[in-house]
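Here is a short note for a colleague who is new to this structure. The points below can be read alongside the sequence and the model.

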Amino acid sequence: MASLLSVSSLVLVCLTTMLIAFHGLRLSRTTSDFYVASRTVRPWWNASAIGGEYLSAASFLGVAGLIVLSGQSGLWFPIGYTAGYLMLLLFVAAPLRRSRAYTIPDFAQIRFEGSPMLRKLTTYLVVVICWLYIVPQMHGAALTLSIATGFPSWVGPVIVAAVVCVTVLSGGMRSVTFVQAFQYWFKLAALVIPTIFLLGRAIPEHSSSGHVQALYAQLESANAMNLYETVSIILALLFGTLGLPHVLVRFYTNPTGQAARTTTVIVLCLLSAFYLLPTTLGVLGLLYTPELGATNETDATILLLPSRLFEGFLGDALTAIVVGGAFAAFLSTTSGLVVSLAGALSQEFFSGTVRGFRISTVLATALPVLIAVVTNSLALAGAIGNVFAFTASTICPLLLLGIWWRSLTARGAIAGLLAGGISCGLSLMIGTFLPQEDEIWIHLLRQPAAWSVPLAFLAMIFVSRSTKRSVPANVERVMALLHVPDWRAKF
């Protein structure tokens, strides 16, 4: 019965996603429709879509798992995921929309006119970041399907890839916007309903002062992070959000820069409401699934909780709801990543045509599926945290300095991208093979954002100062384009 309900929930989510995508196909006619939905997406709709794609496997499954694994230290992840949007609101959202770019490489070309090397480097970074982000979604799908139905682990990634391809090929950004907006509210409901039932059972059982004190002790005694790790992760999450290609591309779809700011404010509210739920479920996981922390299988916390508290049909039904919400998370995030990746590949290698966009979509999904099938899953939130550290060390400095510092040169930008990307990437690769020991050099390699992000900024500033004669000739015009309010812009 449990497997049947979970499979039915999965089929319902996939069919609904494809039906909504086909509706987008009816409205997608131009190249602009495929890349940025013709820049006509209103704030509420766009905010729902951003919430849909941003709340990935790491948010839906990983946050609760981290709380079971790390106790109160795991709370920094939902805080960082949400606070990153405040940084977007203050520094990036409106200027990025006013740039009139389709992709991050487009922004680099507009800001640094005449630097094909910088555009190519930015394109390659976008490709790497998107692929690194897609693989954990595939791992999450494999984990969810194997636990809920017993299917082989390769089935989950293949289903996600197939549905995402159909969604993106149907109508590009127009279809993906409809799909992601629906999936945010579906994911929210898929956590609200089980949380209500689980709290209704757990509160009477653990409301005594003794149980509450024991829970506090569990939160404090779990594998807490040290000060350096905490600072590094917070820095990665705050600055990494500013460099996520699938998040940034959504701001290109707003009609104006002011609409982009309004969208960001709404997103902050939507994320704050959502993250209360996996945080609550993580605390329940400490009570009912504490053994998962010993086996590093904490990503299964939300999937296993209903069956731990309820027997029979109710437990199976709640599990099926969670499975449906989890797959909505995988599909919506992967769709946004594939749109961003397809846009960058198409602009760089296929002249930016609709046909090139569709070819790029297939290429964008093929490699992550192969990687996910032949590799084992890391902790989902930890894997996504590594991607945040990488984007914070590369795309984020490029955008912040490119938008707010007129003296940034193309050579300086290239130096910073290489310094941050190589140092952070190598550290993370080496760190995956190191033992879990309390040595400072191990912490520096496993969580490099605290030093790789400043290194990227310093490299950009130092090299730009050394090459200040090569500041782009059009810098004044571009800075006016980025910062003059829309109704006054003349460029």
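**Notes on the model**

1. The side chains of Ser452 and Ser393 are joined by a polar contact of 2.8 Å. The model is a predicted one, and this distance is computed from it.

2. Ser452 sits in helix α22, which covers residues 449-466. Is Ser452 buried or exposed? Its relative accessible area is 0%, and buried means under 20%, so Ser452 counts as buried.

3. Setting aside neighbours within four places in sequence, Ser452 is in contact with Ser393, Gly420, Ser423 and Cys424. Ser393, one of these residues, is also the partner in the polar contact.

4. A second residue to look at is Asn46, in helix α3 (residues 43-54). Asn46 has a relative accessibility of 0% and therefore counts as buried.

5. Which residues does Asn46 touch, leaving aside its neighbours within four places in sequence? The contacts of Asn46 are with Val41, Arg250, Thr253, Asn254 and Thr263.

6. For the protein overall, the secondary structure consists of 23 helices and zero strands. Helices α3 and α22 have been mentioned above.

7. The protein has 491 residues, and 60% of them count as buried. Asn46 and Ser452 are both buried residues. The accessible surface of the protein is about 18,700 Å², with 68% of that area belonging to carbon and sulfur atoms.

8. Among contacts in the protein with a separation of 6 or more, 85% are between residues 24 or more positions apart.

Definitions and conventions: Residues are numbered from 1 along each chain as its sequence is written. This is a predicted model: local features need pLDDT of at least 70, side-chain atom pairs count only at pLDDT 80 or more; totals for chains, interfaces and linings use all residues. Side-chain values use heavy atoms; hydrogens and water are left out. Helices (H or I, at least four residues) and strands (E, at least two) are DSSP runs, numbered from the N terminus. Buried means under 20% relative accessible area, exposed over 50%, partly exposed in between (1.4 Å probe, protein chains only). Contact means heavy atoms within 4.5 Å. Accessible areas come from the Shrake-Rupley method with a 1.4 Å probe; for residues, only the protein chains shown count as cover. A polar contact is a pair of N or O atoms within 3.5 Å; within protein, one must be able to donate a hydrogen and the other to accept it, and residues adjacent in sequence count only if both atoms are side-chain atoms.
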